[in-house]
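Thanks for coming. Please have the structure up on your screens.

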Protein chains: 8
Amino acid sequence: MTRVCVLMGSDSDLPTMAACLEALERFEIPYEVMISSAHRVPEKTAEMAKNAAARGIEVIVAGAGSAAHLAGVIAAHTPLPVIAVPLSGSALNGLDALYASVQMPRGVPVATVAIDGAFNAGILAVQILGSGDPQLRDKVAAYKEELARQVASKNARLQEMGYKRYLESK
Amino acid sequence: MTRVCVLMGSDSDLPTMAACLEALERFEIPYEVMISSAHRVPEKTAEMAKNAAARGIEVIVAGAGSAAHLAGVIAAHTPLPVIAVPLSGSALNGLDALYASVQMPRGVPVATVAIDGAFNAGILAVQILGSGDPQLRDKVAAYKEELARQVASKNARLQEMGYKRYLESK
Amino acid sequence: MTRVCVLMGSDSDLPTMAACLEALERFEIPYEVMISSAHRVPEKTAEMAKNAAARGIEVIVAGAGSAAHLAGVIAAHTPLPVIAVPLSGSALNGLDALYASVQMPRGVPVATVAIDGAFNAGILAVQILGSGDPQLRDKVAAYKEELARQVASKNARLQEMGYKRYLESK
Amino acid sequence: MTRVCVLMGSDSDLPTMAACLEALERFEIPYEVMISSAHRVPEKTAEMAKNAAARGIEVIVAGAGSAAHLAGVIAAHTPLPVIAVPLSGSALNGLDALYASVQMPRGVPVATVAIDGAFNAGILAVQILGSGDPQLRDKVAAYKEELARQVASKNARLQEMGYKRYLESK
Amino acid sequence: MTRVCVLMGSDSDLPTMAACLEALERFEIPYEVMISSAHRVPEKTAEMAKNAAARGIEVIVAGAGSAAHLAGVIAAHTPLPVIAVPLSGSALNGLDALYASVQMPRGVPVATVAIDGAFNAGILAVQILGSGDPQLRDKVAAYKEELARQVASKNARLQEMGYKRYLESK
Amino acid sequence: MTRVCVLMGSDSDLPTMAACLEALERFEIPYEVMISSAHRVPEKTAEMAKNAAARGIEVIVAGAGSAAHLAGVIAAHTPLPVIAVPLSGSALNGLDALYASVQMPRGVPVATVAIDGAFNAGILAVQILGSGDPQLRDKVAAYKEELARQVASKNARLQEMGYKRYLESK
Amino acid sequence: MTRVCVLMGSDSDLPTMAACLEALERFEIPYEVMISSAHRVPEKTAEMAKNAAARGIEVIVAGAGSAAHLAGVIAAHTPLPVIAVPLSGSALNGLDALYASVQMPRGVPVATVAIDGAFNAGILAVQILGSGDPQLRDKVAAYKEELARQVASKNARLQEMGYKRYLESK
Amino acid sequence: MTRVCVLMGSDSDLPTMAACLEALERFEIPYEVMISSAHRVPEKTAEMAKNAAARGIEVIVAGAGSAAHLAGVIAAHTPLPVIAVPLSGSALNGLDALYASVQMPRGVPVATVAIDGAFNAGILAVQILGSGDPQLRDKVAAYKEELARQVASKNARLQEMGYKRYLESK
């Protein structure tokens with residue numbers, strides 16, 4: 001059963017947002033992905049948000065750029081936690097999307113991650129699902145250990161090769 | 001018959017947005033004023049926007065601060081021109097509201113005025129109504145002449161008094 | 001009869017501003033397009049602005065970058081609604097043009113759209129013309145429905161193909 | 001049993017962070033509140049983060065200003081979801097804290113809310129707890145309806161009184 | 001004979017701009033001061049700029065806030081050097097005025113000083129007048145020596161009193 | 001006799017600063033150009049500034065990027081007017097250089113032009129030389145007329161060709 | 001023997017810079033404090049910087065606001081480490097001073113601390129002196145433990161009182 | 001014996017951070033270089049920082065981008081001076097890393113250099129080591145003289161060739 005719904009404002013956002021889906025796949029979280037726009041299909045977007053909880057969705061991720069209203073509009077229609085991915089691509093390079101996502105008014109929060117931080121939005125969704133699920137939480141802990149191992153292995157390689165050969169080998 | 005609908009996200013916006021109403025009153029434009037929030041009453045806001053044109057509204061003005069989605073959400077639901085007043089008051093002092101208002105995506109524009117520029121939103125609404133109405137346009141032209149007279153009269157007073165006495169007299 | 005006048009500060013702005021003309025053509029709005037500069041041909045610019053209303057122009061669109069004064073200077077000389085398109089291209093990437101366009105003083109508003117938002121300036125001009133013209137307003141509504149259909153069709157394709165094949169097919 | 005741990009970098013953050021506690025109290029979520037600093041008591045902070053999940057904590061909220069590292073440091077040590085409240089108070093008015101909170105690197109997300117958005121951090125924590133708990137989710141939905149009623153009631157009062165009397169009565 | 005013309009967009013700018021006049025008085029430069037607005041009295045402003053050189057004016061100083069177009073509009077109409085004082089007072093605290101003043105397009109420069117730097121605008125005007133006038137230049141050099149003496153005397157006092165007593169004595 | 005001294009912090013600034021020299025050449029102003037750095041050759045820079053007036057220099061232009069101190073350091077040592085060209089090239093894209101140039105303290109102004117506005121710095125230098133020299137001032141006026149003619153000719157071509165062919169022909 | 005020299009651009013900076021002196025006093029570091037200005041007494045400033053090392057100075061701290069050139073100018077004249085304290089107080093609230101301090105060109109670094117971070121500049125100076133002095137380093141370590149104890153004690157008090165009484169007691 | 005420890009958050013930072021190592025090599029300072037991450041290997045990072053002084057390290061350099069916590073986390077665990085290199089590469093182009101590095105809270109300073117200023121971080125480390133070591137300090141002075149000679153030689157070449165040939169020859 002689908003647990004996470006990933007939305008984006010335009011299909012031009014898909015190359016960036018794909019990293020969110022990869023994160024969810026890594027943890028074998030069933031998800032759905034949709035193109036929806038707060039400004040172009042406002043009613044479908046509202047409909048989707050209103051029905052999400054009843055359909056079993058537990059977390060919603062919304063990626064949008066420029067005057068990024070998608071996450072906020074979704075949050076207005078659902079009691080579920082909503083994660084915003086502010087996307088770059090405008091002349092303001094995502095700063096507009098960051099402000100439009102994170103500065104939500106009292107009572108209607110949106111959990112905002114880094115500009116273009118789609119992968120982290122997926123990880124955060126998994127962490128939310130795992131907050132009451134020890135098994136999934138352990139998987140997140142294991143993932144964090146893997147991150148640590150990657151750093152350790154790169155560092156070991158750097159110590160072995162020295163920085164000049166390391167740079168050349170990349 | 002009501003021609004302009006003025007919305008704001010919260011009654012705390014009213015002291016600033018009142019200047020918009022004064023501008024409309026100055027030109028005897030019938031208006032309505034409502035508190036509506038894209039995030040707290042999304043359905044009523046959408047309803048209002050969808051029905052506005054049929055009710056005879058010709059221009060909508062929306063004032064909102066922080067992640068100011070109100071004007072954009074309204075614009076998503078109506079073919080009418082929508083004017084946004086980005087409001088200060090957040091830690092980012094209205095820059096968030098400016099970006100969230102003006103950086104709308106292709107196909108769904110919002111006519112944005114200055115941060116806290118509620119009076120100018122009213123004047124712009126009048127100019128829009130007047131774009132096809134020579135009589136109202138002449139009133140706008142007369143208003144501009146009055147602005148010019150005010151500057152001329154202040155300047156005359158400055159020439160007469162000199163800047164030191166002018167400063168003391170203020 | 002020409003209803004919209006589209007100005008730009010330099011012919012280097014034309015590739016961006018062309019999108020405004022396309023938007024107007026889409027709605028079959030008769031327009032004129034001119035290169036005019038608030039700083040290089042100030043008198044012609046003022047002349048143009050002063051005569052616009054008498055010549056039947058109903059809306060003026062002005063695109064300019066850097067210290068973008070064009071829309072403000074036009075607005076100083078006409079009771080017509082003036083739309084500003086702040087253009088990127090400077091080291092500040094259009095933020096200078098945005099501030100110089102939107103932060104107009106009391107009494108002389110300029111309707112500002114997104115940085116490089118020339119297409120939306122055209123749509124806003126149409127919305128202004130349509131605010132008192134039900135037929136044109138219906139065309140705007142129909143255009144919005146088309147936008148919705150495009151999103152729906154992209155979303156349907158995404159559902160059908162899955163995101164990986166969708167990405168490859170682009 | 002304590003479900004949410006609320007941390008802040010300094011007791012000078014408490015007046016702002018108290019709103020988070022009020023939000024949690026409103027939903028009767030058992031919480032603990034601590035002063036902890038990523039820079040002044042780094043080991044205790046790490047200890048706390050490492051033990052949180054085992055102690056039954058499900059969500060951590062961290063409020064910090066300036067170079068706000070608290071939430072990120074916590075997130076480095078726990079698989080639990082971590083919410084950051086960037087706090088104003090520095091010369092950069094919270095923009096430093098926002099960037100230092102939201103721009104987390106790949107693999108270690110932090111769910112960031114608005115600058116000084118402590119109340120919303122509390123609501124977001126409740127939404128996270130409620131994502132797999134229909135009863136709590138219904139309480140969030142009921143809270144959202146209350147927000148809507150408040151707006152509706154203020155609007156009704158505005159319609160009744162007119163804006164001038166409304167402003168005077170405030 | 002008047003050598004410097006000092007303009008400002010509004011009489012609310014006079015308290016800040018007075019420092020420019022004091023600087024000119026200090027060097028006994030004959031000046032005139034006027035309220036003029038690029039947006040409210042565009043024609044008088046243009047007239048003034050066009051006639052300035054013929055009237056013997058050698059330097060023009062223009063102070064304006066928000067979308068500060070005054071200096072740029074003046075510069076469009078005169079071959080004289082134009083100094084801009086970007087004024088704070090808007091929600092963007094003068095950053096809008098700075099960008100709108102300094103980012104002038106190729107061919108039409110404006111000599112911009114600090115936000116609210118009216119005194120320095122006066123000194124710069126004197127330096128420009130003095131660039132070809134050894135006597136006036138010597139006065140500027142003498143003024144700079146006085147600045148140095150003031151610093152030296154404050155420093156001497158600090159050495160004598162120690163910083164604690166110095167602070168108390170202020 | 002050399003009338004304008006053009007300085008830059010590094011020879012990597014020369015491609016941008018060359019436009020200043022072209023502007024001076026256009027008006028046949030004798031100039032000198034030097035690489036000098038406030039941070040790498042502080043004493044030579046100070047020496048140069050202190051001797052400039054005695055050597056007959058009337059205006060100094062200084063181009064620098066990043067923490068652009070060159071113009072300010074020059075201004076500290078000379079009563080001559082100093083023009084700053086803030087240069088882009090750093091991660092902050094010239095905003096650092098703009099702030100470091102324009103925000104000079106009371107008593108020591110620097111005439112700042114646009115980021116990378118080297119050509120305009122040359123024009124401003126000419127305007128300063130021309131402020132007391134009617135013949136040179138007339139040349140500036142003639143230059144401005146040429147700018148106007150260029151705009152007019154481009155506009156005429158646009159009217160003749162229409163925007164689509166104009167775009168293709170570029 | 002004086003080991004640290006603390007400079008500031010103006011005596012108006014003393015109330016902020018005093019915190020640097022307190023930090024040095026806390027560690028019993030002999031210091032001197034001077035008012036010196038890169039723009040008003042450039043030669044004395046250069047003299048001071050050039051002689052500092054020979055006089056036994058080991059670290060220089062420079063506090064300045066606006067276009068803060070003091071630290072950079074000092075660094076140009078000495079091989080000693082120079083710490084910059086960017087000061088707020090301008091319309092840009094210290095962002096100008098931060099950029100003008102930190103963005104130094106290749107070869108001439110300045111160690112920049114937070115805006116108005118005078119106390120930390122003192123601590124950093126002590127850390128630099130202590131980098132090769134185990135006894136002083138131990139004092140810094142002890143100071144850090146004291147910081148930790150303060151946090152622990154405030155936290156203990158918060159646990160004991162609860163947040164409501166804690167807030168009231170402040 | 002290793003005197004400087006250079007850390008970076010990821011091996012993708014190595015191409016930029018290599019300049020720091022080159023600076024250290026130029027002064028024959030023994031150093032070590034490690035990949036370590038405040039967020040991915042927090043415990044090893046803390047361990048490294050805690051042991052650094054005992055291992056004879058005198059200065060630590062930490063390069064990190066985005067929400068750059070590395071230098072601050074290190075500084076929390078050591079009495080040694082810590083130098084931060086904020087790295088660009090994020091959508092905010094290093095501004096996030098600058099704020100997250102420089103705005104450290106009272107008591108825990110970090111010596112911040114320019115965005116991507118890795119070479120200067122190396123020079124600053126040398127200056128810190130040299131602050132109590134006249135021989136090393138003399139080497140720094142000699143290095144500064146070399147910088148001056150380079151500028152002088154480029155300037156001489158410019159004088160000889162003229163700017164046009166100089167540009168062509170580059």
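Domain 1 and domain 2 of chain A bury about 800 Å² between them, and 63% of that area is on carbon and sulfur atoms. Keep in mind that this is a predicted model. In chain A, domain 1 covers residues 4-132 and domain 2 covers residues 134-170. The C-alpha centres of these two domains of chain A lie 29 Å apart. As for contacts, 12 residues of domain 1 of chain A touch 8 residues of domain 2 of chain A.

Which residues of domain 1 of chain A lose the most area to domain 2 of chain A? They are A:Arg26, A:Phe27 and A:Gly130, and together they make up 51% of what that side buries.

Next, the charged pairs. The rule finds 2 salt bridges across the interface of domain 1 and domain 2 of chain A. A salt bridge joins the side chains of A:Glu28 and A:Lys139, at 3.7 Å from N to O. The cut-off for a salt bridge is 4 Å, so the pair qualifies at that distance. There is also 1 residue pair in polar contact across this interface of domain 1 and domain 2 of chain A, with both residues at pLDDT 80 or more.

Chain B and chain C bury about 3,300 Å² between them, with 59% of it on carbon and sulfur atoms. In this pair, 39 residues of chain B are in contact with 39 residues of chain C. How many salt bridges does the rule find across the interface of chain B and chain C? The number is 0. Polar contacts are there, though: 15 residue pairs between chain B and chain C, both residues at pLDDT 80 or more. Several elements of chain B supply at least two residues each to the side that touches chain C, among them helix H3 (70-76), helix H4 (95-102) and strand E5 (111-112).

The last pair is F and C. Chain F can be laid on chain C by a turn of 90 degrees and a shift of 0.0 Å along the axis, with an RMSD of 0.0 Å. That is the relation of a four-fold axis.

Chain F and chain C bury about 1,500 Å² between them, 67% of it on carbon and sulfur atoms. Here 18 residues of chain F are in contact with 19 residues of chain C. The rule finds 2 salt bridges across the interface of chain F and chain C. The side chains of F:Lys154 and C:Asp11 form a salt bridge at 3.4 Å, N to O. Between chain F and chain C there are also 7 residue pairs in polar contact, both residues at pLDDT 80 or more. Where does the largest share of the chain F side come from? It comes from helix H6 (residues 134-169) of chain F, with 13 residues. By class, the side of chain F that touches chain C has 10 nonpolar, 4 polar and 4 charged residues.

Key: Residues numbered from 1 in each chain as written. Chains lettered and ligands numbered in written order. Predicted model: local features only at pLDDT ≥ 70, side-chain atom pairs only at ≥ 80, totals over all residues. Heavy atoms only, no water. Least-squares fit on C-alpha atoms with pLDDT ≥ 70 in both. Contact = heavy atoms within 4.5 Å. Buried area = accessible area lost by both parts, 1.4 Å probe. Polar contact = N/O pair within 3.5 Å; in protein donor to acceptor, adjacent residues only side chain to side chain. Helix = DSSP H or I, 4+ residues; strand = E, 2+ residues; numbered from the N terminus. Domains from an automatic or database assignment. Nonpolar A, V, L, I, M, F, W, Y, C, P; charged D, E, K, R; others polar.
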